[in-house]
Amino acid sequence: MVEVGAILEGKVTGLTNFGAFVSLPDNVTGMVHISEVSHSYVSDIHEYLKENQTVKVKVLDVTPEGKVSLSIKKAMDPPARPQGERNDRGDRGDRGDRGDRPQRRPKRGTPNVWKGNERREEPQSFEDMMARFKQVSDEKMSDLKRANEGNRRNSYSKKK
């Protein structure tokens, strides 16, 4: 029986644009999605796998229907990074002249998003939320139109 987390050897039985089918022990067939073939980007699976090739796979999931999801890249060690290459956190391993802490980027302002329930604490119906959204949207559109009309007037007066 195939269990999640198990690392097994199997044979590639078919290749598609989206992945490869692998035959496992006990007459079980699983699929390796193209994103699970290699640690690098795979645009053409045929560059990485051939039919009847033996591969080592890790079982990611087994659905109640018996579909088996596999990964080749998770069955192998990640590739070694060259010296000085940035890690996932964006800082260099040697830290350079930056002291003990990695440099942090300044936080950007939060985007201006609509917050319909901001003023009221009680739950609202969908219709109430939509009415409030429409009201705020109409107000913002009229503000934009006024600002654009002012910009047009200023640009016309500069041309004369």
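**Close-up views of the predicted model**

**View 1. Asn52 in the loop between β3 and β4.** Asn52 is found in the loop that lies between β3 and β4. In this predicted model, Asn52 has a positive phi of about 70 degrees although it is not a glycine. Most residues other than glycine have a negative phi. The relative accessible area of Asn52 is 56%; because the exposed class begins over 50%, Asn52 counts as exposed.

**View 2. Asp26 in the loop between β2 and β3.** The loop between β2 and β3 (28-33) contains Asp26. Although Asp26 is not a glycine, its phi is positive, at about 65 degrees. Asp26 is exposed, and its relative accessible area is 58%.

**View 3. The hairpin of β1 and β2.** Strands β1 and β2 form a hairpin, with three residues between them. Strand β2 comprises residues 19-24 and runs antiparallel to β1, to which four bridges join it. Within this pairing, Val12 stands opposite Val22 of β2.

**View 4. The pairing of β1 with β4.** Strand β1 (residues 7-15) pairs with strand β4 (residues 54-62) in the antiparallel sense. Five bridges make up this pairing.

Note on methods
Residues numbered from 1 in each chain as written. Predicted model: local features only at pLDDT ≥ 70, side-chain atom pairs only at ≥ 80, totals over all residues. Heavy atoms only, no water. Pairing = 2+ DSSP bridges. Helix = DSSP H or I, 4+ residues; strand = E, 2+ residues; numbered from the N terminus. Buried < 20%, exposed > 50% of the residue type's maximum accessible area, 1.4 Å probe, protein only.
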